[in-house]
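Please read them with the structure open.

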Amino acid sequence: MSLIERLAGHTLCLHLAPQELVYALRKGGRMGAAGRIAVDNPAGHWQAPLAALEQFLGRGDRPGAALPLRISLASRWCPAALAPWSEALLSEAGAARFLHAQMAALYGDAARAWRIVGDDAPYGQPRLVGAVDAALLQALQDTAGAHGHACHGVESLLTVAWRAIAAGKPPAFALVEPDRLTLAAVGAGRIVALQTQSCPADWRAELARAWQRWSLRAPELAGLAGVAVVDLSGAPQGELAAPFRPAAAALTRHGPVHLMRQSAWA
């Protein structure tokens with residue numbers, strides 16, 4: 001058996017966040033070597049974890065040399081929104097202009113420098129839209145290429161988390177990161193409503209308040225039970241009050257690594 005045949009399906013999964021770089025070697029459906037590298041980054045810019053990635057990929061003893069990369073990014077670097085249906089979405093050029101306009105309306109002129117994509121929603125339905133700074137995306141691709149890696153995917157931690165817990169069919173979920181809280185409602189296997197905000201260290205109290213505020217604006221959420229909470233905050237775990245329940249995918253020392261294991265990344 002050749003080396004190429006033995007490595008078929010192997011991937012080096014990476015997660016970049018303001019304060020850490022997490023890596024995990026995926027061997028088909030199993031996880032191999034994994035670890036976390038702390039990043040000193042008080043300002044929270046993406047340049048610091050990118051430098052940590054550059055240093056990691058340059059190590060001679062690291063796992064996954066020459067394997068393709070799958071990269072997830074902290075939500076703060078991947079703005080997301082639900083865009084309403086428009087006939088402009090029926091053409092590629094029209095969809096690009098429309099989605100950029102939608103994100104610019106929400107996030108301002110900074111959106112003009114973003115790479116923006118939307119999911120393949122059914123006709124007439126809102127689309128989940130994600131964005132990443134084009135400079136960050138190019139830097140990731142350049143860094144991967146400089147160290148002999150193909151980059152097979154860059155996406156938000158939000159979508160990785162959703163795939164990891166989707167089999168449990170929660171009606172909604174919350175993604176908790178060290179500085180950010182994202183609430184998402186689910187319908188027909190898709191994210192159909194979304195809210196994101198900054199998050200204090202005492203995220204459990206803020207989660208309850210944020211859900212209450214969201215429910216007042218969207219009364220259909222008030223009766224939901226079993227809202228899954230994906231906790232990647234790094235804070236000590238505690239009890240969750242109804243309607244929340246911990247997502248099994250988050251109950252691990254290396255949260256992003258476990259999400260990589262549970263998600264559909266191949």
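1. L128 has a relative accessible area of 13%, which is under the 20% limit, so this residue counts as buried. Its place is in strand β7, which covers residues 127-133. Note that the model is a predicted one.

2. What surrounds L128 in space? Leaving aside residues up to four places away in sequence, L128 touches A81, L82, V117, G118, D119, T159, R190, I191 and L194. A80 lies 48 residues from L128 in sequence, yet the two C-alpha atoms are 7.2 Å apart.

3. For the protein as a whole, contacts with a separation of 6 or more were counted, and 58% of them join residues 24 or more positions apart. The fold comprises seven helices and 13 strands. Of its 266 residues, 47% count as buried. The accessible surface comes to about 12800 Å², and carbon and sulfur atoms hold 55% of that area.

4. Helix α6 runs over residues 203-217, 15 residues in total. From first C-alpha to last it reaches 21 Å, close to the 21 Å expected at 1.5 Å a residue. The buried residues of α6 are W203, E206, L207, A210, W211, W214 and S215. Viewed down the axis of α6, these buried residues fall within an arc of 165 degrees, so they line one face of the helix.

5. Which exposed residues does α6 carry on the face turned away from its buried side? They are Q212 and L216. On the buried side, the cover includes strands β9 (172-177), β10 (180-187), β11 (190-198), β12 (227-231) and β13 (244-246).

6. S86 sits in the loop that links β5 (80-83) with α3 (92-107). Is S86 buried or exposed? With 18% relative accessibility, S86 counts as buried, because the limit is under 20%. The side chain of S86 reaches the backbone nitrogen of A88 at 3.0 Å.

7. On the cysteines, the structure holds zero disulfides. C151 counts as partly exposed because its relative accessibility is 26%, whereas C199, at 9%, counts as buried.

Technical notes:
Residues are numbered from 1 along each chain as its sequence is written. This is a predicted model: local features need pLDDT of at least 70, side-chain atom pairs count only at pLDDT 80 or more; totals for chains, interfaces and linings use all residues. Side-chain values use heavy atoms; hydrogens and water are left out. A disulfide is a pair of cysteine sulfur atoms within 2.5 Å. Buried means under 20% relative accessible area, exposed over 50%, partly exposed in between (1.4 Å probe, protein chains only). Helices (H or I, at least four residues) and strands (E, at least two) are DSSP runs, numbered from the N terminus. A polar contact is a pair of N or O atoms within 3.5 Å; within protein, one must be able to donate a hydrogen and the other to accept it, and residues adjacent in sequence count only if both atoms are side-chain atoms. The expected span of a helix is 1.5 Å times one less than its number of residues. The arc is that of the directions from the helix axis to the C-beta atoms. Contact means heavy atoms within 4.5 Å. Accessible areas come from the Shrake-Rupley method with a 1.4 Å probe; for residues, only the protein chains shown count as cover.
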